[in-house]
Amino acid sequence: MTPEQILEQCRDLVGQPLGAVAERWKAERPGGRVVAAYPVWTPAELVHAAGMLPLSLLGGGTSVELTHADARFQSFVCSIAKSTLELGFQDIVKGIDGFVFSNICDVARNLGSIYQRNFPGVFVEYLHLPQNSTSPGVTAYAASELRRLAAGFETAFGLTLTEAALTKAIEIYNVVRARVRALYAFRIAEPQKLSTTELYVALRATTLVPPEQAIAWLDALLDGLPRRDARPRDRLRVVIEGAFCEQPPLGLLEVLEEAGCYVVEDDLLLGWRWFTSDVPTDGDPFERLGAAYVNQSVPSSTRHEGREHRSAGLIEKVRRASATAVIFMPAKFCEPALFDYVLMKQGLERAGIPHMIVEFEEKMWTFERTRNEIETFVESMLFD
Amino acid sequence: MATPVTERQYQGKVHEHSRRLMSAWMGELARAEAEGRTTGALMISGNCVELLRACHVLPMFPEVTALQNAIRHKSLPLILKAEQAGYSSDNCAYVKADMGLFLEGGMGPGKPMPFPNLIVCNYVGCNVYVKWFEHLADISGAKLFMLDVPFARTPEPTAADVQYVVGQLEELIALCEGFTGHTFDIDELREVLAHAARAEDGYARCKDLCKSHPAPFDAYFDSINMMGPINVLRGTREAADFFDVAVAEFAGLVGQGLGPLSEERFRTVVEGPPPYPYYKNFRNLFSKWGAVAVQSTYSTVGGIWEWGFRHDPARPLESIAEQMLRENLTNRSITARYQQIRRYVDEWKADALVIHSIKSCRLFSAGQGDMRDYFTRELGVPTLLVESDLEDPRYYAEAQLRNRIDAFFEALEHKKVVAAGTH
Ligand code: SF4
Ligand code: SF4
């Protein structure tokens, strides 16, 4: 298949209701179970190792009207929390058996329990992922939390999750992540051959299929994309930061490029490419995965890292991607992104890296003002 | 409406005593730098102040500084200063007021509020705590210790949870020893915990007295007098003694049939923090209706003592860990809070629930619409939801609040009259 054909398939899949994606997979596997994962990181490996399908749970995007959830969550709460709850009220996630939330922020925390209260028929788990990155007991704790999730799956669904299966799952997700890293490296090298919306759509589609299918798509893209015919343009190479949870509308990503940027790095769907390198597969897989969370995670606004400054990871990203500037893109009301903005911005300023901020909401539909702002920013940089 | 309700204008010993104790603590803080004492910043919720005390680290609480600035109407310029520096108008204003204080030159070496030597982030539920203390560490250069407390997500804390927290507490002890040069003595901690348990007992007894009709004090607005001693000074003999005085005073009021108002017409449970910049105004909106809070959730952010948990000198680190993990409001889920409130409504015989939704604080607020749905639809408890902020005066719209509150109590009064008529 050509990259265009794959991207078309991906676009089609991403546009489907989550419940329909789940039901279709289950139709071919009687008794199969599907578990949806709220951002940022959920160990998809565990879901897969239990023979279930992990799916990304990313809110309602532009398509779901709020009819119930806005009475539950106030106006000052981010959109993804509301629209995720709405998916439940409107039965759009019918067919999904389990939901996993974690301690990324206070909103997600409350959302998890409110989801459980309103939909008692499904399995809901809340993970407490470690915020302490250096204490001696952290990795053992992280492993215990993963074991707790595994035990939860076993009890709720009457299945068995063996260490051998988990090791295999880690292996296959290592392959997925390595391919995604390769795709990101390709975009850094030749951004003219892979637009951000294309990369985003492909990546998002890989969070809706079993890893084997994801690998097939990614391999075909890695094979076909270099042969695309596209000449590099005079554009500003930028890194997007802050869009790790609520999903920016595709229109906004398009506007960035139309306004003269090459997005060469970003934190979109960060949780699905969470580890900086392969997770070791020798020994106890729960411990390996727990240790990887502590020592091999990408920098993230939802995880405290005691070993480096908030801005260090971002600056490193800018350098690694040979970017010139950063576009902060926090979701409206997103507390972790908005707080980190301050420390990151100060770090960038110390390092002499220009930046701008564009807040978004998943339902944003006019981009003209943003386009103007970005164009002005780009012009000031390119013709300086 | 019948005879107008008035406040008794009786502050009593509790208020004065609390003020004295808190001023003494702030005096110590102000002198700490000059006296070369080690200071440690902590958060209020589910804190481990006893441990710092036993380690000879003087605790400081940025949340207390922030709320005091709000009460003194000084928070807005600080918030604006922080917003100029890049903080979003949508971020928790407590943090902004604290960072604004630094930017305004009110915090730092030689300033009225010193930098802490050590920053202990007791991450007990609130994710903003992590951010706040990262920022405080950034400006002060002080050592940040992230005390990660797993959220209450199982019926009881797991063995791994307790082990993880105890391990971090041991690490913290070693860290404090390095700072102070003082060798940790477990017996000293046991002594501190015994004082803490006595204060916890006293606080629980005070709140229990609010089951009386009328309640002797307002468990929302007046609890603030007790929240300093219980959350900040817990573990001192003075705080424990304070609660003996408080219990005696409130028991005396119960004996005389006196409450904070001339008449207690409505008994409410209040959920959510108060609007500190307009504390008195907000209170008046309820007082005029004779509405007295007989219980509140905000008064349990530091610890829930009314169900019987006490620090245990016989199991020092374990009981500190258990308190942080489970026995406080912030580390419990919002739906666990529904059950806490439900018990309050039942056992304290409340007529209504008042939810004060705080823009700054999503830990408390995100999803309170669902809470309202649960209480009104599933339990049939009259529930009022109003919105403002605990620190940012811009979100306090008095006319709007008054309308909502008046309409609610009018309806409640009408219901009472009808109910009385049918009996
Ligand atoms: S968008 Fe931000 S505030 Fe909202 S749930 Fe995600 S991380 Fe939390
Ligand atoms: S979010 Fe709430 S609990 Fe957290 S620091 Fe702000 S006011 Fe306090």
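## Backbone features

Pro214(B) sits in the loop that runs between α8 (186-209) and α9 (224-232) of chain B; helices (H or I, at least four residues) and strands (E, at least two) are DSSP runs, numbered from the N terminus. The peptide bond joining His213(B) to Pro214(B) is cis, with omega about -5 degrees. Val40(A) belongs to the loop between β1 (34-37) and α3 (44-49) of chain A.

Ser322(A), a residue other than glycine, has a positive phi, near 45 degrees. Ser322(A) is in the loop between α12 (312-320) and β7 (325-328) of chain A. Most residues other than glycine have a negative phi, and most peptide bonds are trans.

## Model and confidence

This is a predicted model, in which local features need pLDDT of at least 70 and side-chain atom pairs count only at pLDDT 80 or more, while totals for chains, interfaces and linings use all residues; side-chain values use heavy atoms, with hydrogens and water left out. Residues are numbered from 1 along each chain as its sequence is written, and chains are lettered from A and ligands numbered from 1 in the order in which they are written.

The mean pLDDT (the predictor's confidence in each residue, from 0 to 100) of chain B is 96, and 98% of the residues of chain B reach 70 or more. For the complex, the predictor gives an ipTM of 0.96 and a pTM of 0.97.

## Interface of chains A and B

In chain B, 59 residues are in contact (heavy atoms within 4.5 Å) with 50 residues of chain A. The two chains bury about 4,300 Å² between them, 53% of it on carbon and sulfur atoms; buried area is the accessible area (1.4 Å probe) that two parts lose on being put together, summed over both. On the chain B side, Lys131(B), Arg153(B) and Arg362(B) lose the most area to chain A, together 15% of what that side buries.

Between chain B and chain A there are 10 salt bridges, each a side-chain nitrogen of Lys or Arg within 4 Å of a carboxyl oxygen of Asp or Glu. In one salt bridge, the side chains of Glu134(B) and Arg310(A) meet at 2.9 Å, N to O. α15(B) gives the most to the side of chain B that touches chain A, with eight residues. By class, that side has 23 nonpolar, 18 polar and 18 charged residues; Ala, Val, Leu, Ile, Met, Phe, Trp, Tyr, Cys and Pro count as nonpolar, Asp, Glu, Lys and Arg as charged, and the others, Gly among them, as polar.

## Salt bridges over all chains

The structure holds 66 salt bridges over all chains. Asp90(B) and Lys359(B) meet through their side chains in a salt bridge of 2.9 Å, N to O. This pair links distant parts of the chain, 269 residues apart: Asp90(B) is in the loop between α4 (75-84) and α5 (93-103) of chain B, and Lys359(B) in the loop between β7 and α14 of chain B.

The residues around ligand 2 include Glu63(B), Cys92(B), Cys126(B), Trp132(B) and Cys361(B); a residue counts as near if one of its heavy atoms lies within 4 Å. Helix α6 (residues 127-140) of chain B supplies the largest share of this shell, three residues. By class, the shell has eight nonpolar, one polar and one charged residues.
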